[in-house]
Amino acid sequence: MKTNDRIPRPILGVLLASLALALAAATGVARAAGATPLRIAMTADIRSTEPGVNRDANSDMVVMHIVEGLVAFGEHAEIKPLLARSYRVDEDGKTYTFTLRDGVTFQNGAPLTAQDVVWSWDYFMNPKTAWRCHGDFDGSGGAKVIAVEAPDPHTVVYRLDRPYGLFLASLARPDCAGSGVVHRDSLNADGTWNKPVGTGPFMLRDWKRGQYISLVKNPRYANQDGKPDGFTGSKRPLVDEVRFMIVPDDATAKAALQRGDIDIIQDLSYSDVKPMQEVRGVKVASSPVMSLTALLMQTRDPLLSSVKLRQAIVHAIDNAQLVAAVGDGLMQPSTSMVPLISSYYDTAQQQTWKYDPALSRKLVSESGYKGQEIVILATKRYPETYTSAVIIQAMLQAVGINTRLEVMEWASQLDRYNSGKYQMMTFPYSARLDPSLNYEMMAGDKNKQPRKVWDDPKALALIEASSRTTDIARRQAQFDELHRLFLADAPMMPLFNGLDVGAFRETVKGYTPWALKRARAWEVAKTP
């Protein structure tokens with residue numbers, strides 16, 4: 001019998017593509033082997049170097065080392081000055097006045113002035129630039145910025161058409177590149193984008209597409225005193241070069257870290273934590289982030305429209321046990337829409353539903369529930385949400401709530417979520433950087449937006465009010481009242497916030513994961 005040893009063309013093409021991908025990753029690692037840069041692994045290349053334009057999370061992470069804005073998120077996602085020394089909000093809530101820090105220069109040596117801030121703002125707000133956050137400032141997605149003025153070289157004034165409590169948070173958003181101020185030299189002579197010339201601690205040196213992005217120390221960096229604090233605070237460049245290495249395959253990245261060919265994996269999966277902790281010469285650290293995994297309940301479902309049945313469900317779930325199992329002991333349970341790491345997470349947010357199976361059975365009986373099947377949707381695309389659904393199903397069955405787990409592809413589950421066509425589902429929300437936005441992502445008019453989970457009129461009014469006010473104490477009171485309403489109505493059950501987990505060589509000093517899940521190379525040193 002004859003055999004054909006030739007590989008079919010389609011399979012050969014796949015093998016060659018896989019080999020090329022592996023060689024590209026290996027080449028990037030090999031280029032850095034034995035060199036002195038601080039090497040940080042990324043799973044994919046950046047899309048561009050233009051802040052907030054044609055961007056993704058990796059692009060944001062790199063660019064935020066080069067450019068800085070007037071304000072930035074601190075370690076716990078609170079707004080703090082960066083290029084501004086201070087800012088003032090007028091009583092009408094519509095005028096923001098920023099005073100610039102002294103001694104700040106661009107990476108080309110030019111001093112930072114208020115006129116530079118105005119020029120940079122005008123560049124990004126030009127619709128032709130296609131800045132991601134244009135819609136947040138033109139009135140279509142928030143307040144409209146009607147004027148930006150520079151009354152003197154150290155003062156910048158923003159004028160809005162209405163009070164907007166989220167204005168500073170919108171300026172600081174990482175996907176907007178923190179509204180980073182760039183110099184005119186960032187453009188080519190014809191007005192097209194060249195490369196970022198900002199005020200940050202590192203400068204772009206080289207971008208080898210598919211291999212690495214090389215940043216070098218900014219010798220002119222005007223550092224702030226104090227400790228590192230999110231995207232602000234002390235940001236000294238302690239290494240001469242940082243290389244963001246493109247290593248698409250997790251196994252390749254882990255092997256390179258163990259060999260010492262890269263220094264930091266900035267997004268380690270939960271399942272890799274314990275194995276990496278056993279590796280000699282490697283350390284693992286983690287921090288809570290602002291993403292959220294939750295159990296959603298369709299309050300318009302004939303069964304789940306009963307508040308008593310929803311209360312029975314939340315009292316049947318031992319969230320501490322669930323989170324310990326899902327997070328392998330790494331995470332803390334939280335049933336607040338305000339993230340654990342937020343500066344607005346206070347004693348009121350710590351109030352929760354008590355795990356009480358006896359009370360749950362009593363509420364089941366009082367609700368009139370007769371054992372009808374309730375379907376829980378889940379996907380294996382996000383293992384933590386799937387595992388949560390499995391555990392929840394068992395806990396609900398234990399108190400007499402008949403549930404069936406339906407596992408589907410992520411795209412199908414997302415369609416069901418957006419259309420509101422489900423009874424219950426475990427669902428991962430991406431990070432929102434202000435509690436108003438955390439509530440807004442799940443609350444609203446279901447007739448207009450079927451994906452919304454909670455449509456209580458009093459809650460919607462409070463959320464709207466919290467987005468307008470700039471007074472911190474007033475906002476805190478609003479979020480505390482929202483949490484009390486939320487516990488009483490139980491439209492969903494938050495389970496836990498995610499983690500930013502990083503693994504790094506023991507020769508790396510000062511690297512810390514944090515709430516916004518972006519690697520920071522400033523204040524990081526590397527010993528031989």
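Modeller: Start with charge. The protein has 62 positive and 58 negative side chains. The centres of these two sets lie 3 Å apart. Keep in mind that this is a predicted model.

Colleague: What makes a side chain count as positive or negative here?

Modeller: Lys and Arg count as positive, Asp and Glu as negative. By that count, the totals are 62 and 58.

Colleague: How many helices and strands does the protein have?

Modeller: There are 15 helices and 20 strands.

Colleague: What share of the residues is buried?

Modeller: Buried residues make up 55% of the 528. The protein still exposes about 22600 Å², and carbon and sulfur atoms supply 51% of that area.

Colleague: Why is Val501 called buried?

Modeller: The cut-off is under 20% relative accessible area. Val501 has 1%, so Val501 is buried. Val501 sits in strand β18, residues 492-505. Beyond its neighbours within four places in sequence, Val501 is in contact with several residues, including Ile265, Leu268, Tyr270 and Val284.

Colleague: And what makes Ala77 count as buried?

Modeller: Apply the cut-off again. Ala77 is at 10% relative accessibility, under 20%, so Ala77 counts as buried. Ala77 lies in the loop between β2 (71-73) and β3 (79-81). Its phi is positive, about 65 degrees, although Ala77 is not a glycine.

Colleague: Is Ser179 buried or exposed?

Modeller: Buried: Ser179 has 14% relative accessibility, and the limit is 20%. Ser179 is in the loop between α4 (167-172) and β8 (202-208). Phi of Ser179 is also positive, near 50 degrees, in a residue other than glycine.

Colleague: Which domains does the assignment give?

Modeller: Domain 1 covers 39-263 + 507-526, and domain 2 covers 291-497. Their C-alpha centres lie 34 Å apart.

Colleague: How do you know that residues of domain 1 are in contact with residues of domain 2?

Modeller: Contact needs heavy atoms within 4.5 Å. On that test, 14 residues of domain 1 are in contact with 12 residues of domain 2.

Notes. Residues numbered from 1 in each chain as written. Predicted model: local features only at pLDDT ≥ 70, side-chain atom pairs only at ≥ 80, totals over all residues. Heavy atoms only, no water. Helix = DSSP H or I, 4+ residues; strand = E, 2+ residues; numbered from the N terminus. Buried < 20%, exposed > 50% of the residue type's maximum accessible area, 1.4 Å probe, protein only. Areas by Shrake-Rupley, 256 points an atom, 1.4 Å probe, with all protein chains shown as cover. Charge placed at Lys NZ, Arg CZ, Asp CG, Glu CD. Domains from an automatic or database assignment.
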